Amino acid sequence: MAGGDASEQGTVTCASWIRRPENAHLLVVGKSRPSSLEVFSFDPKTTSLSPSPKAKYLFEEGGDPVSIAVHPSGDDVVCSTTSGCKLFELCGLEDNLRLVCKELVPLQDVGPQKCLGFSVDGSRLASGGADGHFRLFEWPNMRVIVDEPRAHKSFQDMDFSLDSEFLASTSTDGMARIWKTSDGVPVTTLTRNPDEKIELCRFSKDGTKPFLFCIVQKGNKTLIAVWDISEWRKIGHKSLVKKPASIMSISLDGKYLAVASNDGDVCIIEVKKMEVSHYSRRLHSGSKITSLEFCPSERVVLTTSAEWGLMVTKLNVAADWKEWQIYLLLLGLFLASAVAFYIFFENSDSFWNFPDPSARPKIDSVLGDSASDDQNVWGSFGPLDM
């Protein structure tokens with residue numbers, strides 16, 4: 001479902017969600033011809049965007065947006081253009097939003113950064129260039145942690161781990177590397193067969209399974225491989241996606257993976273079962289999907305392509321329990337237990353008011369007379385061999 005006129009003026013090149021309090025999330029959209037950055041509000045009830053942007057910035061000095069990174073706080077947006085990166089501060093309320101452009105000197109003239117991302121805790125900013133240059137900074141002071149010009153042949157993808165301790169990066173030549181974010185030291189290079197290319201990567205985000213999911217292209221087969229990050233050991237793979245993938249994403253709660261194809265399909269995978277739970281065929285028919293990201297609070301994904309622009313799509317997956325629903329269920333169980341206890345109390349006089357001891361049957365009548373002929377209860381079974 002397309003939202004508003006986010007795709008009507010200019011060609012959409014990239015987009016990302018902006019997390020806001022009370023789930024009043026926004027979307028930031030990069031466009032070319034003319035080059036601009038626009039912010040739209042999102043209505044979860046109708047799965048649509050505002051009819052016009054709430055804030056807009058025109059790149060008068062040239063350079064089309066290439067990639068976007070939004071800080072977890074939702075206050076800062078870093079946009080890479082074909083010439084370098086710019087920092088924007090989102091100010092004001094929804095009806096009076098402004099994008100205030102600020103200098104980002106260490107990334108000002110570095111050329112297009114294919115990969116941009118903040119760590120989960122917001123303390124690191126990483127960039128990976130089309131030229132293979134890897135940069136890692138502390139945020140917001142921009143102290144350089146890593147400045148490696150030959151990290152890759154050319155960056156293809158990157159992702160931070162849930163604890164922000166590691167960063168995974170992949171290259172167009174099929175190599176994948178793991179970096180320590182505290183000091184920028186390379187940890188390992190993921191092993192692969194000569195006929196395999198590791199293309200995309202996402203860390204698990206559910207807080208229980210320390211895994212790294214990767215899209216591995218093996219000849220004509222597209223595989224989802226899993227590495228145990230405690231030992232960086234590959235533990236298996238599944239063939240769930242039948243087409244070459246262009247981009248990968250994982251939901252904030254870690255329950256779903258999303259994989260988009262080069263011809264416009266989107267596949268949603270339930271991580272716990274590693275099974276396909278939703279498939280949107282020809283969502284961007286015949287066009288390579290360039291952006292793919294889960295909504296922070298809804299089962300909705302945003303996607304972009306050069307031909308079809310921006311779309312927001314509601315997923316056909318099992319609904320999650322809302323917090324108020326859980327509390328309502330607990331209250332219902334409590335009330336049901338109280339009613340059952342009251343009914344039991346009202347109808348159980350023989351339990352609460354012990355009967356007269358004289359009315360109890362004598363123990364002899366139950367066990368039998370000790371002087372009776374049947375003194376050996378085992379007699380009918382014959383003698384016991386001891």
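Is D265 buried or exposed? D265 counts as buried, at 2% relative accessibility. Buried here means under 20% relative accessible area, exposed means over 50%, and partly exposed lies in between (1.4 Å probe, protein chains only).

The model is predicted: local features need pLDDT of at least 70, side-chain atom pairs count only at pLDDT 80 or more, and totals for chains, interfaces and linings use all residues. Residues are numbered from 1 along each chain as its sequence is written, and side-chain values use heavy atoms, with hydrogens and water left out.

D265 forms a salt bridge with K243. The closest N and O atoms of this pair are 2.6 Å apart. A salt bridge is defined as a side-chain nitrogen of Lys or Arg within 4 Å of a carboxyl oxygen of Asp or Glu. The pair links distant parts of the chain, 22 residues apart. D265 sits in the loop between β23 (256-261) and β24 (266-270), and K243 in the loop between β21 and β22 (245-250). Strands are DSSP runs of E, at least two residues long, and helices are runs of H or I, at least four; both are numbered from the N terminus. K243 is partly exposed, with a relative accessible area of 25%.

The salt-bridge count comes to 14. Another of these pairs is E196 with K234, whose closest N and O atoms are 3.9 Å apart. E196 belongs to strand β18 (residues 196-203) and K234 to strand β21 (residues 233-238), so that distant parts of the chain, 38 residues apart, are linked. E196 is buried, with a relative accessible area of 5%. K234 is partly exposed, at 30%.

D253 and R299 also meet through their side chains in a salt bridge (2.6 Å, N to O). D253 lies in the loop between β22 and β23, and R299 in the loop between β26 (291-294) and β27 (300-305), so the pair ties together parts 46 residues apart in sequence. Here the acidic residue D253 is partly exposed, at 31% relative accessibility. R299 is buried, with a relative accessible area of 14%. A network of salt bridges links K31, E38 and K56.

R33 is found in the loop between β2 (26-32) and β3 (36-43). R33 is exposed, with a relative accessible area of 63%. Beyond residues up to four places away in sequence, R33 touches G10, T11 and D64. Contact means heavy atoms within 4.5 Å. R33 and T11 are 22 residues apart in sequence, yet 6.4 Å apart in space, C-alpha to C-alpha. Their side chains make a polar contact (3.0 Å). A polar contact is a pair of N or O atoms within 3.5 Å; within protein, one must be able to donate a hydrogen and the other to accept it, and residues adjacent in sequence count only if both atoms are side-chain atoms.

Strands β12 (residues 134-138) and β13 (residues 144-148) run antiparallel and are joined by 4 bridges. Two strands pair if DSSP finds at least two bridges between them. L136 stands opposite V146 in β13. The two strands form a hairpin with 5 residues between them. In the turn, M142 has a positive phi of about 60 degrees.
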